[in-house]
Amino acid sequence: MDSHGLQHTMAEQGNVISRRQVLAHGADDDFIRCRLRRREWARVHNGVYVDHTGRLTWTESAWAAILFYWPAALSHESALRAHGLPARLPERALRRPRWTTIPGDERISNVLHVAVSSTRRLDGLPGVQLHRTRWLPTLVSSTSGLPRVNLERSLLDVAASALHDFEAVAVLGDACQCRRTTPRRLLEVLAKPSRFPRRQFLREVLRDVETGTYSALEHRYLTRVERPHALPTGHRQRRVHVGSTVAYRDVEYVGLHTVVELDGRLGHEAALDRWADISRDVSSAVSGDTTLRIGWRQMEEPCRVALAVARVLRAHGWTGQLVGCNVDCPANS
């Protein structure tokens, strides 16, 4: 028996190993039974074992699910976690695919997402959500560690599964803003022949992200305030110097001395963030610019926001015509 090889395999797999791998290293079922009887190992799933009897970590649970369904890989939210991306989109905000079954009463927040070949017929495990695909071999990341679907495909899968548009925008915008990927790479994956719900919507979102519209609130301002009401096109994420520091303005109407800062719930809650916001506003005011701060509550009335922005723009010299987004829009009056 290759004891060194067996230990090396377990170490690479987060202390988890399958019966198939044990046999490949020259051991047998008696070896497994002995380890279980001595409580050196514990059975996680049928034919999958871990080298302790305590509570499993997330990584150990992920390896156990992958080895049980092998060949398989983490997908969706679980893949993003394996890639080291913090999940901004809660599990409860994801649709459950029609082909998925989650046995028992497991809480959705504990679900592991696992991709398998669409040609296989498999029994479900508690807490594991299966996603079937015809392109599994081409999707798996070649890096070491947990087998997982590549970053771009995982991001698009999560965005396509989101219940709300602003959640899909947040997933894609966050990944691009922290420079883990680019809109161009995501668009290339989106163009490949594959099943993507809301493909056209995702394509439009990524084109907006290319312009600097990273957050869900920024995207909503662009698509519900600026464009439908024919406001001038603002410059997104324009770099400016505030004292000795660098800041980025969400939307700046250059030449019209108007800045729109879009404050979503995340990123503007802490006291230090608020003081940073105030410092930027003071700097803008000193340079002759008017800053409008718009949050989610104001964005519930996009037509009213458009009227307010247009009023400030006109005070700074805008001569354009505000357009109503529908027959009932107050901009028509």
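A: Searching the whole structure turns up 3 aromatic pairs. To count as a pair, rings of Phe, Tyr or Trp (its six-membered ring) need centres within 6.5 Å; planes under 30 degrees apart are stacked, over 60 edge-to-face, and the rest tilted. Take Phe31 and Trp41: their ring centres are 5.7 Å apart and their planes sit at 80°, so this pair is edge-to-face. Phe31 belongs to helix H3 (residues 29-37), while Trp41 is in the loop between H3 and strand S2 (42-45), so the pair ties together parts that are 10 residues apart in sequence. (Helices are DSSP runs of H or I with at least four residues, strands are runs of E with at least two, and both are numbered from the N terminus.)

This is a predicted model, where local features need pLDDT of at least 70 and side-chain atom pairs count only at pLDDT 80 or more, though totals for chains, interfaces and linings use all residues. Residues are numbered from 1 along each chain as its sequence is written, and side-chain values use heavy atoms, leaving out hydrogens and water.

Now, buried or exposed? Buried means under 20% relative accessible area, exposed over 50%, and partly exposed in between (1.4 Å probe, protein chains only). Phe31 has 14% relative accessibility, so it's buried, and Trp41 is buried too, at 6%.

Next come Phe68 and Tyr69, an edge-to-face pair with 5.0 Å from centre to centre and 85° between the planes. Here Phe68 is partly exposed at 29%, whereas Tyr69 is buried at 1%. Finally, back to Phe31 and Trp41: ring pairs link them with Tyr49 into a cluster.
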